[in-house]
Amino acid sequence: MTIDRVRLVNTAPISDAIVRRALDLDPPEAYEPASLLATLMSLHSLRYFGIIDFRFEGDEDDRELVIKTPPRPSGRGSLQFGFGFSDDFSGNTGYTLSARHQLLAVNRRGGEWQNYLQFGTIGLFDSQFYQPLDNAMRWFVEPSIGYRREIADLWADGTPVVQYQIEGGEARLAAGRVLGRWGELRATAFTGNVKAIPRIGSPLFPPDEERRGGFSLAFAVDTLDQVVFPEHGVEAQAGYERSSETLGAESLTDLVSARVGYSFTFGRSTFTPFLEYGQNFESTLDYLNLFKLGGLGRLSGLGHNELLGEKMALARLLFYYRLTGFHAAGFSVRIYAGTSLEAGNVYAIDQPITGSSLLIGWSLFVGADTPLGPLFFGYGRTEDRDRFYLNIGERF
């Protein structure tokens, strides 16, 4: 089928140039119906439009494709709510209530404004404005501000000795490039302030306050077919962060981190090998710059973030088997049983990572992908430590 011309009837709040660039049609040219349908589906995935309509006008010698892109009938804004709960049956319980508001097509260039609010064990507020810079929507800038408050336990010999409330605000300016549908590269400048206030425990642990600021580079890949219990794809992140006195930093930060997981499936069985590594290049006792291990899937028999170190390594093999799935009242639920095998530890900056120094852990669990998010109930053990877990709304 040959298309000689394309006529766009665009009433959505986005520029014609961006719509035409997303269509990626260059008439006169021959197109297969399946290829044209895939192009229109790709356009719909931008989420700016209602039901996209198209028709052909003319004859074989002069065929015009007319595409109508109406605005979303529900408007440009969306509001989502979330809930999370965790309990390790050893005295560590947490919960979160969250809300996310997103406003699409703030301007004709495809700007997006997102606000995220969360209450509970971890409280936070974050406001981001994402602005594409070109018609292909590949280059972007993203200014943002945020505030975070969380409760953190510090452990010694398997026992919490003090509990801190850590809170602080931060302003960020990021710029980067979207890499097709599979990845992103971004650079960020940030500045902020953080306070650590002891709540429970020994008076020997003092409060602390620090100005922070610096630059970071991040590279991310995400080709997972599903957010929860994926069956295929890769999820990877790599980053570098360095402090800057110009942006207010009071102490030196210089660190790298990387993580990668790959999911593949045979029948109903899914395997996900996973590796994570982090290292400081400068010695530090700053809680925010220390790497953390402990909790479900991260040396499962230990407490949440029990281990702190200037360097960290973790390897995990995750396996789960889809037991069943059902649909009811518009909802879909899938149920799984699985296990994880883990090896890892944290280290001082000058300590070598050796096979004999790694802690070995494992877990057994049943899980479900529910309308409330993922649900896990499991048992974990690391060396001679163990605990049970119940998590709703959190994943490995």
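1. Arginine 7 has a relative accessible area of 33%, and is therefore partly exposed. This value, like the others in this note, comes from a predicted model. The side chain of arginine 7 forms a salt bridge with glutamate 64, and the closest N and O atoms of the two lie 3.4 Å apart. The pair joins distant parts of the chain, since arginine 7 belongs to strand β2 and glutamate 64 to strand β5, 57 residues apart. Glutamate 64 has a relative accessibility of 13%, so this residue counts as buried.

2. A second pair is formed by arginine 5 and aspartate 62, whose side chains meet in a salt bridge of 2.4 Å, N to O. Here too, distant parts of the chain are linked: arginine 5 is in strand β2, aspartate 62 is in strand β5, and 57 residues separate them. How exposed is arginine 5? With a relative accessible area of 36%, arginine 5 is partly exposed. Aspartate 62, at 35% relative accessibility, also counts as partly exposed.

3. These pairs should be read together. Arg5, Arg7, Arg55, Glu57, Asp62 and Glu64 are linked in a network of salt bridges. The structure holds 21 salt bridges.

4. Another salt bridge joins arginine 148 and glutamate 150, with the closest N and O atoms 3.2 Å apart. Is glutamate 150 buried or exposed? Its relative accessible area is 15%, and buried means under 20%, so glutamate 150 is buried. Arginine 148, with a relative accessible area of 38%, is partly exposed.

5. Helix α1 covers residues 16-23, and Ile18, Val19 and Leu23 are buried in it. Why do these residues lie on the same side of α1? They cover an arc of only 135 degrees around the axis, and therefore share one side of the helix. The buried residues of α1 pack against β2 (5-10), α2 (33-44) and β5 (62-69). Strands β2 and β5 also hold the arginine 5 and aspartate 62 pair described above. After α1 comes aspartate 24, which has a positive phi, near 55 degrees.

6. The second largest pocket contains about 480 Å³ of space. Of the 19 residues that line this pocket, the closest to its centre are Ala196, Asp208, Leu285, Asp286 and Tyr287. Which elements give two or more residues to the lining of the second largest pocket? They are β10 (139-156), β11 (159-179), β12 (183-201) and β13 (208-222). By residue type, the lining of the second largest pocket divides into 13 nonpolar, one polar and five charged. In general, rolling a probe the size of a water molecule over the atoms shows where empty space is left.

7. Valine 141 has its place in strand β10. At 28% relative accessibility, valine 141 counts as partly exposed. Which residues does valine 141 touch, not counting residues up to four places away in sequence? They are Phe129, Tyr130, Gln131, Leu133, Ala174 and Ala175. Valine 141 can also be placed relative to threonine 188: the two are 47 residues apart in sequence and 9.6 Å apart in space, C-alpha to C-alpha.

Definitions and conventions. Residues are numbered from 1 along each chain as its sequence is written. This is a predicted model: local features need pLDDT of at least 70, side-chain atom pairs count only at pLDDT 80 or more; totals for chains, interfaces and linings use all residues. Side-chain values use heavy atoms; hydrogens and water are left out. Buried means under 20% relative accessible area, exposed over 50%, partly exposed in between (1.4 Å probe, protein chains only). Helices (H or I, at least four residues) and strands (E, at least two) are DSSP runs, numbered from the N terminus. The arc is that of the directions from the helix axis to the C-beta atoms. Contact means heavy atoms within 4.5 Å. On a 1 Å grid over the protein atoms alone, a cavity is a set of points where a 1.4 Å probe fits but cannot get out, and a pocket is an open set with protein on both sides within 12 Å along at least five of seven lines; lining residues have an atom within 4 Å of a point. Grid points are joined across faces, edges and corners, and a volume is the space filled by probe spheres set on the points. Ala, Val, Leu, Ile, Met, Phe, Trp, Tyr, Cys and Pro count as nonpolar, Asp, Glu, Lys and Arg as charged, and the others, Gly among them, as polar. A salt bridge is a side-chain nitrogen of Lys or Arg within 4 Å of a carboxyl oxygen of Asp or Glu.
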